[in-house]
Structure formats: structure tokens, C-alpha cells
Amino acid sequence: MKKRIENEQDQDETLFERWYRQERSKKLAQNDVLFFGLSVLLAFYATQSLVTIQ
């Protein structure tokens with residue numbers, strides 16, 4: 001049922017809407033990767049500082 005509704009929405013979607021949705025999902029994926037990288041760097045920095053203090 002849900003798949004059928006999604007297919008109907010895809011058919012009603014214009015070319016611009018489809019392009020915009022795809023570009024937005026790409027940017028969100030890029031943001032996720034950047035956030036993960038930043039988290040890893042901060043964890044490394046915190047670990048390095050912790051080892052230095054001891």
C-alpha cells in the first residue's frame with residue numbers, strides 16, 4: 001500500500017521537484033559525512049588531550 005502511494009507521488013512529481021529532491025538528499029548525505037568526520041576528529045583530539053594530561 002505504501003509503495004503504491006509513493007509510486008503515485010512520483011508520477012505526480014515534476015522534473016524540477018524530482019531534481020530538487022535528489023539534490024537535497026545529496027547535500028544531506030554530504031552533511032552526514034562531514035558531521036561524522038568532525039566527530040572522529042573531536043574524539044581523537046579529546047583522547048590525545050587525555051593521554052597528554054596523564
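The model is predicted, with local features needing pLDDT of at least 70 and side-chain atom pairs counting only at pLDDT 80 or more, while totals for chains, interfaces and linings use all residues. Residues are numbered from 1 along each chain as its sequence is written, and side-chain values use heavy atoms, leaving out hydrogens and water.

**Chain**

- The chain has two helices and zero strands, taken as DSSP runs numbered from the N terminus (helices: H or I, at least four residues; strands: E, at least two).
- Of the 54 residues in the chain, 2% are buried (under 20% relative accessible area; exposed is over 50%, partly exposed in between; 1.4 Å probe, protein chains only).

**Aromatic pairs**

- The whole structure holds two aromatic pairs (ring centres of Phe, Tyr and Trp, the last by its six-membered ring, within 6.5 Å; planes under 30 degrees apart are stacked, over 60 edge-to-face, the rest tilted).
- Phe 16 and Trp 19 form a tilted pair, at 5.8 Å centre to centre and 35° between the planes.
- Both residues, Phe 16 and Trp 19, lie in helix H2 (residues 15–53), three residues apart, about one turn of the helix.
- Phe 16 and Tyr 20 form a stacked pair, at 6.3 Å centre to centre with 25° between the planes.
- In helix H2, Phe 16 and Tyr 20 are four residues apart, about one turn of the helix.

**Cluster and exposure**

- One aromatic cluster is formed by Phe 16, Trp 19 and Tyr 20.
- Phe 16 is exposed at 56% relative accessible area.
- Trp 19 is partly exposed at 47% relative accessibility, and Tyr 20 is partly exposed at 47%.
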